[in-house]
Amino acid sequence: MKKINDFFKTKGFYVSLMAGAICIVAIGAVYMRAINDDSDEENKIQNESDMVDIAEKYDAEVYIRPTVQPDTSTAVPEKATEQPITAKKQEKSPAKTSAPVAKDIGVTVMEAGKNVANLSFNQEKGIIWPVEGKVMMQYSADKSVYFKTLGQYKTNPALIISADEGSTVKSSAKCVVTKVGENEEIGKYVETSIGDDYKITYGQLADLQVKKGDMLSEGELIGRIAKPTKYYIEEGSNLYMQMKCGKETVDPLIFLD
């Protein structure tokens, strides 16, 4: 009986000892876990502190992830208050202006075009001679004509009428002056529109009496015969008369009365 009691006493001692050991291990584990958590938190704080210190040193920005992300799914966007770009462009759009006025001719370009459109060329009636004289060189678009001053043969896109220097040059038909100019070959010239896409150009002129945009009646004074240019010295003083229908030249003799 005494041996049995001693056995249980001995066995109970070891059980108690083992239970105590387990409790100590459990408490140690909990303590170590708490220490590790505190250490992780301290390391985290230390790492973030180090990042901030580095950012301040190099004047940089550091983003630290927040522990809780804000819920912006229900956020209402603010109403835009800026004006659209198209509206700004419309404000800067230039205002419409009236047709430009050609001051040197005293009429607008639109009016000059309207006057040309109102003209009508009567081909059966034809045109009058612009100057008194004889034909020095005929119009020739297909065959070559000899130019004495140039010493060569070439086509002639105009009618060359012999006329004394200072002789008056008149409009061959009712017309609008569409151009006034000057070049080496024919000197000062006047281009006129007589209607239905027909035009007459008068060259080798002096003392011009017309300007661009003028409306002229048949027989109205245009200018006078000038000294011949260097291209017509041997031929002598003359009137250069070129006639066109559209872009094609035509023989003025066909329509001269």
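Leaving aside neighbours within four places in sequence, threonine 201 is in contact with Tyr189, Val190, Glu191, Tyr240, Met241 and Gln242. This comes from a predicted model. Threonine 201 lies in strand β10, and it counts as buried because its relative accessibility is 11%, under the 20% cut-off.

As for isoleucine 127, once residues up to four places away in sequence are set aside, the list of what it touches runs to Phe121, Ser172, Ala173, Ile200, Met241, Met243, Pro252, Phe255, Leu256 and Asp257.

On to strand pairing, where β6 has two partners to look at. Strand β3 (residues 135-137) runs antiparallel to β6 (residues 159-162), and two bridges join them. Here valine 135 stands opposite isoleucine 161. Strand β13 (residues 238-245) is also antiparallel to β6, this time through four bridges.

What about the cysteines? The structure holds zero disulfides. Cysteine 175 is buried, because its relative accessibility is 0%, whereas cysteine 245 comes out at 30% and so counts as partly exposed.

Charged pairs are next. Side chains of opposite charge can pair when their charged atoms come close. The count comes to five salt bridges. One of them involves a contact of threonine 201, namely glutamate 191, whose side chain meets that of lysine 199 at 3.8 Å, N to O. Glutamate 191 is buried because its relative accessibility is 18%, while lysine 199, at 33%, is partly exposed.

Another salt bridge brings together arginine 224 and aspartate 207 (3.5 Å, N to O). This pair links distant parts of the chain, 17 residues apart, with arginine 224 in strand β12 and aspartate 207 in the loop between β10 and β11 (215-216). Arginine 224 is partly exposed at 32% relative accessibility, and aspartate 207 is partly exposed too, at 44%. Aspartate 214 and lysine 211 also form a salt bridge, with their closest N and O atoms 3.6 Å apart. In this pair aspartate 214 is buried at 17% relative accessibility, but lysine 211 is partly exposed at 38%.

Terms used: Residues numbered from 1 in each chain as written. Predicted model: local features only at pLDDT ≥ 70, side-chain atom pairs only at ≥ 80, totals over all residues. Heavy atoms only, no water. Pairing = 2+ DSSP bridges. Contact = heavy atoms within 4.5 Å. Disulfide = S-S within 2.5 Å. Buried < 20%, exposed > 50% of the residue type's maximum accessible area, 1.4 Å probe, protein only. Salt bridge = Lys/Arg side-chain N within 4 Å of Asp/Glu carboxyl O.
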